[in-house]
Amino acid sequence: MSTPRSPLTPRPVGIEQARERLSELTVVDVRTPGEYASGHLPGALNVPLDQLERALPALKESSAELLMVCRSGARSEKACLLLAEHGVTAATLTGGTLAWVAGGHEVHRPADGAQATWAMERQVRFTAGALVLVGLGLGLLHPAWQLLSAGIAGGLVFSAVTDTCGMAAILARLPHNRPRAADLDATLTALGAR
């Protein structure tokens, strides 16, 4: 006997089920615009997770079933939880875009030439590693600099335990990750037209 899901628990949708129903779904990619530009599900609209609340009115009006997508599924689950708190039902793509690509399915890229950036997880790993190396290097000059490396290590442990990432939140605000207002406005217009 299966345990009943809480109304706030996102409903997972498998890759093949999503592929078969793609034309019936409104797919919302919650990654940064740079990640979205690196390849997204056909027809997916980009509403970055940190802009989701601004998109709530348009998402509430959507008549099609919402499928939230990200790189691996973690951010799309968070998006589903946020939407559920506001009375909007949405599903999450199991395994995210990584699983979609691994299944041999095509991804689209924006026609406007938007520049792709590294995935947020990769940006966090690079930044954390670079800061640790800087702390260790400067620690040769003065031992107090090693505290930088220790602080980053502590932050990574805290991030894993709480399933949050302060560094990702900071990196998402950098210009290459930050959505331009016109992009989100165009996405919300397209969402309203569905």
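Guide: What follows is a look at one helix, then at some residues and helices around it. Please keep in mind throughout that this is a predicted model.

The helix is α6, which runs over residues 120-139 and so has 20 residues. From its first C-alpha to its last, α6 reaches 28 Å, and this is close to the 28 Å expected at 1.5 Å a residue. Which residues of α6 are buried? They are Met120, Gln123, Val124, Ala128, Gly135 and Gly139, and because they cover an arc of only 130 degrees around the axis, they lie on the same side of α6. On the other side of α6, by contrast, Arg125, Phe126 and Leu133 are exposed. The cover over the buried residues of α6 includes α2 (33-37), α4 (74-85), α7 (146-162) and α8 (166-171).

One of the residues to look at in α7 is Ser149, which lies in that helix and is buried, because its relative accessible area of 8% falls under the 20% that counts as the limit for buried. Leaving aside its neighbours within four places in sequence, Ser149 is in contact with Leu131, Val132, Gly135 and Leu136, and of these Gly135 is also listed among the buried residues of α6.

In the loop between α5 (96-102) and α6 we find Ala119, which is buried as well, with a relative accessible area of 18%. Not counting residues up to four places away in sequence, Ala119 touches Glu35 and Arg71; Arg71 is 48 residues apart from Ala119 along the chain, yet their C-alpha atoms are separated by 7.7 Å.

The loop between α7 and α8 holds Asp163, which is exposed, with a relative accessible area of 52%. Most residues other than glycine have a negative phi, whereas Asp163, although not a glycine, has a positive phi of about 55 degrees.

Finally, α4, which is among the helices that cover the buried residues of α6, also packs with α3 (residues 52-61), at an angle of about 60 degrees and with their axes 11 Å apart. The two helices α3 and α4 are therefore oblique to each other, and their crossing is right-handed. The contact is made by Leu52, Glu53, Leu56 and Leu59 on the side of α3, and by Ala79, Leu82 and Leu83 on the side of α4.

Key:
Residues are numbered from 1 along each chain as its sequence is written. This is a predicted model: local features need pLDDT of at least 70, side-chain atom pairs count only at pLDDT 80 or more; totals for chains, interfaces and linings use all residues. Side-chain values use heavy atoms; hydrogens and water are left out. Helices (H or I, at least four residues) and strands (E, at least two) are DSSP runs, numbered from the N terminus. The expected span of a helix is 1.5 Å times one less than its number of residues. Buried means under 20% relative accessible area, exposed over 50%, partly exposed in between (1.4 Å probe, protein chains only). The arc is that of the directions from the helix axis to the C-beta atoms. Contact means heavy atoms within 4.5 Å. Axes are lines fitted to C-alpha atoms, for helices over the stretch in contact, and angles run from 0 to 180 degrees between N-to-C directions. Angles under 35 degrees count as roughly parallel, over 145 as roughly antiparallel, 65 to 115 as roughly perpendicular and the rest as oblique. A crossing is left-handed if the near helix is turned anticlockwise from the far one by less than a right angle, and right-handed if clockwise.
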